[in-house]
Amino acid sequence: MSQNDHSGVQANPPRHTAALPLPRILRRFWLASTLQFALMFVVGYIRYRTGAPKPHYNPIGTVHFSDLLEYLPTYRLLHTAAFFHNPVTNPVAYPPFGAIFYRLLYATAHPVAAYLFCAAVWLCLLTLGTGRWLSGQGIRPLTAYLLPATVLLMSFPVLGMLCYGNIELFLWVFAATGTWAFLRGRPTVAAALWGCAAAMKLYPLIFLALLVPQRQVRALACGIATFAAVTLASLWYLGPTIPVAWRGSVQNVFGYQGVRMEEWSLHELATNHSAFTWVKLLLRIAQKPFAGAMLPYYACGALLFLALFLLRWRKLPLPNQLLAITAFMLLFPPISYFHTLVHLFAPLALMAAAAMQADRSGQRIPGLNGTLALSTPLSASFMLLTERQFFLFGGLLQGLLLLMLLYAASRFPFAASHAPVAAQNGSRHLPRAMVTARTMPQV
């Protein structure tokens, strides 16, 4: 039996002579995303007419590019110790490579224009790549390109990220491109890109776990080495010396984490979807301090990840692995705001591929419809999901949804019954059907 027979999907499916409709499951997801987006404006208008404060009807009305521009005074002190410790400027709350991207944007003299240009290029690449894949699967071109374009533009995590000017954009580029390289059978390139993403923020280092079931030891070492090398080079550039930059970066990053960890406000409840927000709620009810829970929280999270990965995730199809790891990455850090949810688009693309595969073979994948339904509110505005009088807060609700996604990814294999459950342990490449240009989305 050939490799394609084992995978259950032809690596080069025949070209369709007539345009095919989207699978029903994807049409429902598209419709739900559209209705949700429209509902945001309806609810916002009602709140505006009833005199609600501006953040309750327009959560991005007063924050245009605030995340992007807040460090302009700080960067006038670059290459000095005062860059890291100065009472009159905001310390850069990002690891060293993240700080480099602010420097690159500020060096253009038009950081907002440079940021928007990068965002436009990235979103166009995502739209064109996904549209090309859908078109290759037989979907009529208008639908093939309109679906990814509208889903991206109707996603509040994307819109909010752009309006704030948050550099999660560049982290998203590295992480998603690394996933694309991994799907194309280039694990070393993928690991290097994930290492760069982790050097901007630590949590994307978790993507390297995808290399473990394939026993990609060399690629795993490359990812860790890239993370270390990029961090060291960034420290050297930020200066004035590597030790000063290291101590200052560590203090600023974890100092920011400590401040946010202690915060108990509407902002945190509405926008922070971390599981730690639920821990803080329980501690608040018990009248206990938050700080003492941090180390046990990290320890429990690490043990949970190892147990789930070793006992369950590594045996599941790739869409499950990516969704589970991404959901855990978004749920576990104590500080995880709405713009980080853009990372869900990569596992959503794999689930769409699984839906296309099942539709072409006349099968139904248990749990896939419900999982896509759970993911829809994660692209909604936190304003839409927050009603204080009903004790409903967007961050808490989206944290629960991520936990449910984690359960679904662990429970239901997202593959047709004839597709492989997992790659063989000794394999050095993913199944061909998972990496072929005609089977998976391209960027």
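**View 1. Phe382, a buried ring in a predicted model.** Phenylalanine 382 comes out at 10% relative accessibility, so with under 20% as the cut-off it counts as buried. One of its ring partners here is phenylalanine 156: the two sit edge-to-face, 5.6 Å centre to centre with 80° between the planes. Phenylalanine 156 belongs to helix H8 (residues 156-164) and phenylalanine 382 to the loop between helix H18 (368-375) and helix H19 (394-411), so this pair ties together parts 226 residues apart in sequence. Phenylalanine 156 is buried too.

**View 2. Phe338 against Phe382.** These ring centres are 5.4 Å apart and the planes make 45°, so we call the pair tilted. Phenylalanine 338 comes from the loop between helix H16 (318-331) and helix H17 (345-360), so the pair bridges 44 residues of sequence. Phenylalanine 338 is buried, at 6% relative accessible area.

**View 3. A cluster of rings.** Ring pairs join Phe276, Tyr297, Tyr298, Phe305, Phe309, Trp313, Phe328 and Phe332. Across the whole structure, the search turns up 32 aromatic pairs.

**View 4. Glu387 meets Arg47.** This salt bridge has an N to O distance of 2.4 Å. Glutamate 387 sits in the loop between H18 and H19 and arginine 47 in helix H2 (residues 24-49), 340 residues apart. Arginine 47 is buried at 9%, while glutamate 387 is partly exposed at 22%.

**View 5. Glu168 meets Lys201.** Here the N to O distance is 2.5 Å. Glutamate 168, in helix H9 (residues 168-183), reaches lysine 201 in the loop between helix H10 (187-200) and helix H11 (217-238). Glutamate 168 is buried at 0%, and lysine 201 counts as buried at 16%.

Technical notes: Residues numbered from 1 in each chain as written. Predicted model: local features only at pLDDT ≥ 70, side-chain atom pairs only at ≥ 80, totals over all residues. Heavy atoms only, no water. Phe/Tyr/Trp six-rings, centres within 6.5 Å; stacked < 30°, edge-to-face > 60°. Helix = DSSP H or I, 4+ residues; strand = E, 2+ residues; numbered from the N terminus. Buried < 20%, exposed > 50% of the residue type's maximum accessible area, 1.4 Å probe, protein only. Salt bridge = Lys/Arg side-chain N within 4 Å of Asp/Glu carboxyl O.
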